[in-house]
Amino acid sequence: MGKFVPAIQSMRLRTLPLSLAGVLLGTLLAVADYKVKGLTVLFLVLTTICLQILSNLSNELGDVLHGTDTADRQGPQYGLNGGGMSVTDMKRLIGLFVVLCVIFGLAMIKVSFGRIFSMDGLCLVLLGFAAISGAMKYTLGRNPYGYRGLGDVFVFLFFGLVAVLGSYFVVSHAMPSWLLLLPASGIGFFSIGVLNVNNIRDMKTDAPNRTTVALMLGLRRARIYQTVLIVLGWACMIGYCLLRFFDPWHYLFVITLPLYILHLKGVWTREERALDPMLPLLVLSTFALALLMGFGFVKFLL
């Protein structure tokens, strides 16, 4: 039990709603159009959770090995950087979640498509290995892309496009319409926003060791960037609804707008450690928006 609590801390469970937002939105939009297997959704969710935890563990290990996480860290202390786990412990935990990602991912493909060795199945296997690699190489390795200001691109692709479009395809077996690029991009912009707030908070400690978009922009322009991301996310969501047939239920997610306004107010008035509450606020706001939007499209069928 001595290492159980530090391990749970390093999993950063508060980030899970963000990774699930795009997957659940894509799934619910598929449910509105097609018949979906519940077991496929279960394995999809389990795979997503394991990928997010793998990413969190790998990021912590990478930051510690590169000397980025120090006693001056503005964010919360976790298992490794808090001293509750060793590097060896963390590597073993990362290995466990790599195995879990593979097991749940293959089970998802088998349940959904009936077999793994098909064209669709093999494409999803390749995408899954790309997701595992991307989750681990954000801060791990000799040349991590998260240290070169490329984290925003990865987040947009995997948390936005892959999460929404990929989940829609996995549970429905239908190629997503081009219109789905709008909600997928919306979730992607909100997800970049979460990363950007994290990077704004950590500008002081990141500066000697890594390059982030926030550091390249500077504080004021990073805040403007955050505002643009939120506005773009909302424009994509509203645009998708406008381009679909009208139903008032489709706009149910609009009730989350005050949460985003509160978030932006915090981003413009807080700095460093005081910014930390704006992270879970944006994560939970995006999760709520995704659920409400998806439910709004399912509701009109009931």
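Trainee: Leaving aside neighbours within four places in sequence, which residues is Ser191 in contact with?

Mentor: This is a predicted model, in which local features need pLDDT of at least 70, side-chain atom pairs count only at pLDDT 80 or more, and totals for chains, interfaces and linings use all residues. Residues are numbered from 1 along each chain as its sequence is written, and side-chain values use heavy atoms, with hydrogens and water left out. Contact means heavy atoms within 4.5 Å. With neighbours within four places in sequence set aside, the partners of Ser191 are Leu18, Val155 and Phe159.

Trainee: Is Ser191 buried or exposed?

Mentor: Ser191 is found in helix α7; helices (H or I, at least four residues) and strands (E, at least two) are DSSP runs numbered from the N terminus. Buried means under 20% relative accessible area, exposed over 50% and partly exposed in between, with a 1.4 Å probe and protein chains only. Because its relative accessible area is 1%, Ser191 is buried.

Trainee: How many of the 21 residues of α7 are buried?

Mentor: The expected span of a helix is 1.5 Å times one less than its number of residues. For the 21 residues of α7 this gives 30 Å, which agrees with the 30 Å between its end C-alpha atoms. Helix α7 is largely enclosed by the rest of the structure, because the number of its residues that are buried is 18.

Trainee: At roughly what angle do the axes of α3 and α6 cross?

Mentor: Two packed helices are described by the angle between their axes and the distance between the axes. Axes are lines fitted to C-alpha atoms, for helices over the stretch in contact, and angles run from 0 to 180 degrees between N-to-C directions. The axes of α3 (residues 38-65) and α6 (residues 151-172) come within 10 Å, and their crossing angle is roughly 155°.

Trainee: Which residues in α6 meet α3?

Mentor: From α3, the contact involves Thr40, Val41, Leu44 and Gln52. By class, the contact of α3 with α6 has five nonpolar, three polar and no charged residues, where Ala, Val, Leu, Ile, Met, Phe, Trp, Tyr, Cys and Pro count as nonpolar, Asp, Glu, Lys and Arg as charged, and the others, Gly among them, as polar. The residues in α6 that take part are Phe159, Ser167, Val170 and Val171.

Trainee: What distance separates the C-alpha atoms of Gly62 and Thr139?

Mentor: Gly62 lies in helix α3 and is buried, with a relative accessible area of 0%. Not counting residues up to four places away in sequence, Gly62 touches Thr139, Leu140 and Tyr147. Gly62 and Thr139 are 77 residues apart along the chain, and the separation of their C-alpha atoms is 4.6 Å.

Trainee: Which residues does Leu165 touch, not counting residues up to four places away in sequence?

Mentor: Leu165 lies in helix α6 and counts as buried at 19% relative accessibility. Its C-alpha atom is separated by 9.7 Å from that of Trp178, 13 residues apart along the chain. Not counting residues up to four places away in sequence, Leu165 touches Pro176, Leu180, Leu181 and Ala184.

Trainee: What phi does His173 take, although it is not a glycine?

Mentor: His173 is found in the loop between α6 and α7 (181-201). His173 is partly exposed, with a relative accessible area of 41%. Its phi is positive, at about 65°.

Trainee: Where is Glu272 found?

Mentor: Phi of Glu272 is near 50°, a positive value in a residue other than glycine. At 30% relative accessibility, Glu272 counts as partly exposed. Glu272 belongs to the loop between α11 and α12.

Trainee: Which residues in α11 meet α10?

Mentor: The axes of α10 (residues 219-243) and α11 (residues 257-269) come within 10 Å and cross at roughly 170°, which means that α10 is roughly antiparallel to α11. By class, their contact has eight nonpolar, three polar and two charged residues. Arg220, Arg223, Ile224, Gln226, Thr227, Ile230 and Trp234 in α10 meet, in α11, Leu257, Tyr260, His263, Leu264, Val267 and Trp268.

Key. Angles under 35 degrees count as roughly parallel, over 145 as roughly antiparallel, 65 to 115 as roughly perpendicular and the rest as oblique.
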